[in-house]
Amino acid sequence: MAEVTVTPRSSLADRPVQVLARGLPPSQLVTLRASLTDEQGERFQARAFFRADEAGEVDPGRHAALGGSYAGVWPMGLFWFLQPDTLFRRLVKRDVAGGPFLVRLEVFDGVRLVGGPQDQPLASCEAERWYVGPGVQRAPVREGRVRGALFLPP
């Protein structure tokens with residue numbers, strides 16, 4: 001039974017996580033895909049193609065991506081290479097204290113260049129990527145022409 005996990009499941013956006021797909025047949029060619037929908041409703045995706053090792057695992061931190069959004073060993077590649085479905089859109093988190101980005105991670109059989117509604121993943125999970133840690137307070141800054149926000153630790 002295939003599964004994909006992200007550890008830790010909930011983390012700050014600038015912290016590394018480990019993505020691991022396991023329970024695959026040895027040497028199986030798979031696509032790992034990460035996707036999220038931003039606050040404006042725009043969808044962002046990254047995908048990478050891997051060949052499972054002899055234990056039936058794919059770890060982007062140890063195994064090289066064969067292609068897709070990137071190639072080579074990039075432990076955080078599925079997060080760093082997210083691209084918009086609509087050209088010229090940028091991934092921006094405006095309400096940093098309101099909630100996390102929810103990143104869906106999926107593993108598919110074979111190489112999936114484009115996804116369709118009929119594609120069913122072998123396994124999936126969801127990761128929370130927070131921009132503000134627990135207990136952090138946001139204080140607006142307005143002094144003369146300076147505008148910004150000060151984030152105060154607990």
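Which residues are linked with Glu57 in a network of salt bridges? The first legend takes this up, after two notes on the model.

This is a predicted model, in which local features need pLDDT of at least 70 and side-chain atom pairs count only at pLDDT 80 or more, while totals for chains, interfaces and linings use all residues. Residues are numbered from 1 along each chain as its sequence is written, and side-chain values use heavy atoms, with hydrogens and water left out.

**View A. Asp53, Glu57, Asp59 and Arg62 form a salt-bridge network.** A salt bridge here is a side-chain nitrogen of Lys or Arg within 4 Å of a carboxyl oxygen of Asp or Glu. Glu57 counts as partly exposed because its relative accessibility is 22%; buried means under 20% relative accessible area, exposed over 50%, and partly exposed in between (1.4 Å probe, protein chains only).

**View B. Arg43 and Asp85 meet through their side chains in a salt bridge of 3.8 Å, N to O.** Arg43 belongs to strand 5 and Asp85 to the loop between strand 7 (83–84) and strand 8, so this pair ties together parts 42 residues apart in sequence. Helices (H or I, at least four residues) and strands (E, at least two) are DSSP runs, numbered from the N terminus. Both partners are partly exposed, Arg43 at 32% relative accessibility and Asp85 at 45%. The structure holds eleven salt bridges.

**View C. Arg104 pairs with Glu106 in a salt bridge.** Their closest N and O atoms are 3.2 Å apart. Arg104 is partly exposed at 33% relative accessibility, whereas Glu106 is buried at 6%.

**View D. Leu32 and Leu105 touch the most other members of the largest nonpolar core, which has 30 residues.** Such a core is a set of buried Ala, Val, Leu, Ile, Met, Phe, Trp, Tyr and Cys residues joined through side-chain atoms within 4.5 Å. Strand 1 (3–7), strand 3 (18–22), strand 4 (29–37), strand 5 (43–51), helix 1 (77–80), strand 8 and strand 9 each supply at least two of its residues. Leaving out residues up to four places away in sequence, Leu105 has contacts (heavy atoms within 4.5 Å) that include Val4, Val6, Val19, Leu78, Phe79 and Cys125.

**View E. Glu3, in strand 1, reaches Arg22 through a side-chain polar contact of 2.9 Å.** A polar contact is a pair of N or O atoms within 3.5 Å; within protein, one must be able to donate a hydrogen and the other to accept it, and residues adjacent in sequence count only if both atoms are side-chain atoms. The C-alpha atoms of Glu3 and Arg22 are separated by 5.5 Å, although the two are 19 residues apart along the chain. Glu3 also touches Leu20, Ala21 and Ala123, and is partly exposed at 36% relative accessibility.

**View F. Asp119 sits in the loop between strand 8 (101–109) and strand 9 (123–130).** Its side chain makes a polar contact of 3.3 Å with that of Arg112. Beyond its neighbours within four places in sequence, Asp119 is in contact with Phe108, Arg112 and Val114. Asp119 counts as buried, at 16% relative accessibility.
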